[in-house]
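Please open the structure in your viewer and keep the sequence beside it, so that each selection below can be followed in turn.

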Amino acid sequence: MFIDLSPIKTAEEKIHRLAYYDSITGLANASLLHEKLEKMLSRSRSKHDRIIVLTLDLDHFHEINAGLGRRVGDAVLCETAHRISGVIEGAIEARMGADEFVIASWQQHESDETLLLLVTNLATELIEQLQVSFKFEQHELVLDSSIRSEEHTSELQSH
C-alpha cells in the first residue's frame with residue numbers, strides 16, 4: 001500500500017511558516033524570536049557569555065504607509081529586511097511589529113569596552129544601510145531609523 005504524504009508535509013510546512021515567520025518580510029516573527037532568545041539565554045548562562053539585542057524602528061513609516069499606500073509600505077518593509085539581513089553574521093533578525101525590527105546576536109566573552117564598540121559599529125552600519133535611497137516604482141525614499149540596544153548576560157542584566 002502506498003500513500004502520498006507530500007500534501008500533508010506541504011501543509012505542515014505552510015503552518016510552520018505562518019506560525020513563525022512574518023508574511024511580508026519572511027523574517028522571524030515575535031514567536032520565533034522569543035523561542036530563539038530563550039535558547040540563546042540558556043546557552044549564555046552555561047558559557048557566561050552575552051547577548052546583544054538591537055531594536056530598530058523605522059521613523060515615520062506610518063506616513064509612508066498612509067501617504068503612498070500599503071504596497072509601497074510593504075516594499076519598504078521587505079527592503080529593510082533585506083538590508084538588515086546578514087549585517088551581523090549568525091544573528092537572528094525578526095520583525096516585531098509594523099515598523100519594528102530586532103537583531104539579536106550571541107557574543108563570546110567580550111570586554112565591556114569591546115562590546116560597546118561592537119554595538120556602536122553595528123548600529124552605525126545598520127543606520128547607514130537604511131539611509132541609502134530606496135526606489136520603488138516612481139517613488140524614491142530615504143529611510144530614517146532609530147536603534148536601541150540591550151546587552152544581556154547570563155544573569156539577565158541589561159544595560
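This is a predicted model, in which local features need pLDDT of at least 70, side-chain atom pairs count only at pLDDT 80 or more, and totals for chains, interfaces and linings use all residues. Residues are numbered from 1 along each chain as its sequence is written, and side-chain values use heavy atoms, with hydrogens and water left out.

**The strands**

Begin by selecting strand β1, residues 50–59; strands here are DSSP runs of E of at least two residues, and helices are runs of H or I of at least four, numbered from the N terminus. Of the 10 residues in β1, 9 are buried, where buried means under 20% relative accessible area, exposed means over 50%, and partly exposed lies in between (1.4 Å probe, protein chains only).

Because 7 of its 8 residues are buried, β3 is largely enclosed by the rest of the structure. Along this pairing, T55 stands opposite V102, and V53 stands opposite A104.

Now select β2, residues 92–95, which is antiparallel to β3 and joined to it by 4 bridges. Which residue of β3 stands opposite I92? It is A104, the residue that V53 also stands opposite. A hairpin of 4 residues joins β2 to β3.

**A loop residue**

Move to D22, in the loop between α1 and α2 (30–47). Is D22 buried or exposed? D22 counts as buried because its relative accessibility is 15%. Its side chain makes a polar contact with the side chain of T25 at 2.7 Å; such a contact is a pair of N or O atoms within 3.5 Å, and within protein one must be able to donate a hydrogen and the other to accept it, while residues adjacent in sequence count only if both atoms are side-chain atoms. Leaving aside residues up to four places away in sequence, D22 touches L27, A28, N29 and R95, with contact meaning heavy atoms within 4.5 Å.

**Before the helix α1**

Finish at L5, in the segment before α1 (6–20), which counts as exposed because its relative accessibility is 52%.

How values were computed. Two strands pair if DSSP finds at least two bridges between them.
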